[in-house]
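Please find below some notes on the model you sent for comment.

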Amino acid sequence: MNAAAPAAPQPPAGSFVLAVEIALAIGYGVLAHLASARGSDLLALMALLVLVLLVLASPLAARRAGAWLALPLLAGGCWALYRAGHAPLPLLLVPVAFIGLVAWMFGRTLRPGRLPLITRLVTVLDDTPVERLEPAVRRYARGVTLGWTLLLLVLGAVNLALAMIATPDGLLAQLGLQPPVAITRTQWSWFANLFNYGIIAAFFVAEFQLRKRRFPGRYPSFAGFLRRLGALGPAFWRDQLR
């Protein structure tokens with residue numbers, strides 16, 4: 001009797017969830033921008049629903065009861081905002097909240113007694129205990145953690161300021177106040193849903209090039225470095241939120 005053929009290897013569940021989260025993040029950005037550019041409440045509702053799925057993707061995949069209970073409640077909240085004509089309002093605050101969360105994730109590791117996030121990343125990528133890292137590497141990693149924290153805090157503040165002065169339905173306008181200067185909702189969206197991530201990507205690439213010069217031979221290939229980062233998996237980054 002012939003032995004059964006071995007089953008084809010299946011991709012790790014974590015990788016599939018990460019791919020879904022990336023697709024949802026891209027979809028949210030496109031829908032949020034189109035909603036602002038076209039002044040469409042329906043597109044704003046769709047963006048909010050995609051955002052709910054993005055936030056809950058991992059716990060839903062893990063079959064956590066709380067996530068499945070939260071899904072209809074959050075979807076219902078999005079629908080209620082849409083029916084009340086306020087679906088675009090949360091979109092103004094999403095970039096501020098997201099960037100603020102990541103800034104907090106970096107910044108809290110700079111407190112005394114904590115291991116800076118980039119230092120921890122180096123120990124994992126190099127499979128080296130922190131006490132065996134060169135002092136210059138530790139100083140540099142702490143400086144990069146601080147740099148990311150400051151950059152993200154500035155971006156968060158800029159996003160909040162732009163959300164306040166956007167017209168006709170920015171935060172100040174929603175409060176019945178006339179902003180001293182104003183930008184259109186489309187101009188806000190270009191910054192919040194595109195330029196934000198361009199600035200972050202440019203900082204990421206520039207820091208890598210600086211690191212290559214500062215520590216020759218440590219990371220010879222940018223593509224290889226990205227592969228090593230990707231291999232960490234979403235669990236590593238979720239741990240930073242705990």
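This is a predicted model: local features need pLDDT of at least 70, side-chain atom pairs count only at pLDDT 80 or more; totals for chains, interfaces and linings use all residues.

1. Residues are numbered from 1 along each chain as its sequence is written, and side-chain values use heavy atoms, with hydrogens and water left out.

2. The protein chain has ten helices and two strands, taken as DSSP runs (H or I, at least four residues, for helices; E, at least two, for strands) and numbered from the N terminus. Along the sequence their order is α-α-α-α-α-α-β-α-β-α-α-α.

3. Along the principal axes, the C-alpha atoms fill a box of roughly 65 × 60 × 30 Å. Of the 242 residues, 38% are buried (under 20% relative accessible area, with a 1.4 Å probe and protein chains only).

4. Where contacts (heavy atoms within 4.5 Å) link residues at least 6 apart in sequence, 66% of them join residues at least 24 apart.

5. Helix 5 (residues 117-126) packs against helix 9 (residues 222-231) at an angle of about 95°, the axes being 11 Å apart. That makes the two helices roughly perpendicular, a label covering angles of 65 to 115 degrees; the axes are lines fitted to C-alpha atoms over the stretch in contact, and angles run from 0 to 180 degrees between N-to-C directions.

6. On the helix 5 side L121, L125 and D126 take part, meeting F225, R228 and L229 of helix 9.

Methods
Angles under 35 degrees count as roughly parallel, over 145 as roughly antiparallel, 65 to 115 as roughly perpendicular and the rest as oblique. Buried means under 20% relative accessible area, exposed over 50%, partly exposed in between (1.4 Å probe, protein chains only).
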